[in-house]
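Thanks for coming, everyone. I have one structure to walk through today. Please look at the screen.

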Amino acid sequence: MDGRGQRSDKPGEGVGAQGQGASAGVDREALLALVPRLRAYALALSGNRTEADDLVQEAVLRLLAATTVPAGEGLRPFAFTTLRNIRISALRRRTAEQRAVGDILAVSETAAAPRPESALTADAMIALLQKLAPALREAVILVGAHGLSHAEAASICGVAEGTMKARVSRARARLADLARADHR
């Protein structure tokens with residue numbers, strides 16, 4: 001509404017412009033600020049930079065086209081859920097499960113290429129994450145890497161909060177075991 005009580009069609013002045021409820025469209029600046037986190041999450045889900053970029057592009061396009069988007073802090077879990085759902089749909093469309101395994105193996109091979117010493121730790125972590133079951137990898141990335149609460153991550157994954165806490169705990173324990181095994 002404008003100062004005269006009239007409805008305004010300007011972006012950011014519709015329903016939810018003060019961070020309450022759902023807004024008529026996405027806050028482009030807030031979405032732009034989320035892109036690096038969405039890309040990191042997509043890379044963790046797919047294990048392939050090209051596919052991760054495609055997932056993020058599709059998610060951003062869908063979010064921009066959405067008629068209602070949660071305002072304020074609700075955008076982050078909504079964006080992550082959108083990206084996750086796109087990934088799940090893409091996996092369902094694949095005809096052979098071996099193609100997904102091939103993608104993971106290709107990422108593992110590229111992560112093993114010689115790089116500066118500072119990048120080896122990140123490469124080692126990527127390799128360890130790829131060894132986790134997909135549900136555990138997703139849980140530890142959402143909570144650990146992206147700083148989402150257990151409740152937000154559970155909402156994104158469509159599971160109970162207790163299930164998310166258990167997955168994160170199991171993922172952390174498994175990562176510790178894998179790291180110890182790699183250092184022997």
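I'll start with the overall layout and then go through some helices and single residues.

First, the ground rules. This is a predicted model, where local features need pLDDT of at least 70, side-chain atom pairs count only at pLDDT 80 or more, and totals for chains, interfaces and linings use all residues. Residues are numbered from 1 along each chain as its sequence is written, and side-chain values use heavy atoms, with hydrogens and water left out.

Now the layout. The chain has eight helices and two strands. Helices (H or I, at least four residues) and strands (E, at least two) are DSSP runs, numbered from the N terminus. Along the sequence the pattern reads β-α-α-β-α-α-α-α-α-α. The chain has 184 residues, and 35% of them count as buried. Buried means under 20% relative accessible area, exposed means over 50%, and partly exposed is in between, with a 1.4 Å probe and protein chains only. Next, contacts, meaning heavy atoms within 4.5 Å. Of the contacts in the chain with a separation of 6 or more, 64% come from residues 24 or more positions apart.

On to helix 2. Helix 2 covers residues 49–65, 17 residues in total. From first C-alpha to last, helix 2 reaches 24 Å, close to the 24 Å expected at 1.5 Å a residue. That expected span is 1.5 Å times one less than the number of residues. At the start of helix 2, a side-chain oxygen of N48 comes to within 2.9 Å of the backbone nitrogen of T50. That is within the limit for a polar contact: a pair of N or O atoms within 3.5 Å, where within protein one must be able to donate a hydrogen and the other to accept it, and residues adjacent in sequence count only if both atoms are side-chain atoms.

Which residues of helix 2 are buried? They are E51, A52, L55, V56, A59, V60 and L63. Keep one general point in mind here. An α-helix has 3.6 residues a turn, so residues three or four places apart point the same way.

L64 is also in helix 2. At 33% relative accessibility, L64 counts as partly exposed. Leaving aside neighbours within four places in sequence, L64 contacts V26, R28 and L31.

Next, aromatics. How many aromatic pairs does a search of the whole structure find? One. The rings of Y41 and F80 have centres 5.2 Å apart and planes at 55 degrees, so the pair is tilted. For the cut-offs: rings of Phe, Tyr and Trp (its six-membered ring) pair if their centres lie within 6.5 Å, and planes under 30 degrees apart count as stacked, over 60 as edge-to-face and the rest as tilted. The pair links distant parts of the chain, with Y41 in helix 1 (residues 28–46) and F80 in helix 3 (residues 75–93). Y41 is buried, at 0% relative accessible area. F80 is buried, also at 0%.

Stay with helix 3, where R84 is found. Is R84 buried or exposed? R84 is buried, with a relative accessible area of 14%. Beyond its neighbours within four places in sequence, R84 contacts Y41, L45, E138, I156 and C157.

Now helix 6. Its twelve residues should span 16 Å at 1.5 Å a residue, and its end C-alpha atoms are 15 Å apart, which agrees. The buried residues in helix 6 include L136, R137, E138 and A139. Just after helix 6, G147 takes a positive phi of about 70 degrees.

Last, helix 6 against helix 8. The axes of helix 6 (residues 134–145) and helix 8 (residues 161–182) come within 8 Å and cross at roughly 100 degrees. That makes helix 6 roughly perpendicular to helix 8. Axes are lines fitted to C-alpha atoms, for helices over the stretch in contact, and angles run from 0 to 180 degrees between N-to-C directions. Under 35 degrees counts as roughly parallel, over 145 as roughly antiparallel, 65 to 115 as roughly perpendicular and the rest as oblique.

V168 sits in helix 8. V168 is buried, at 2% relative accessible area. Its contacts, leaving aside neighbours within four places in sequence, are A139, V140, V143 and H150.
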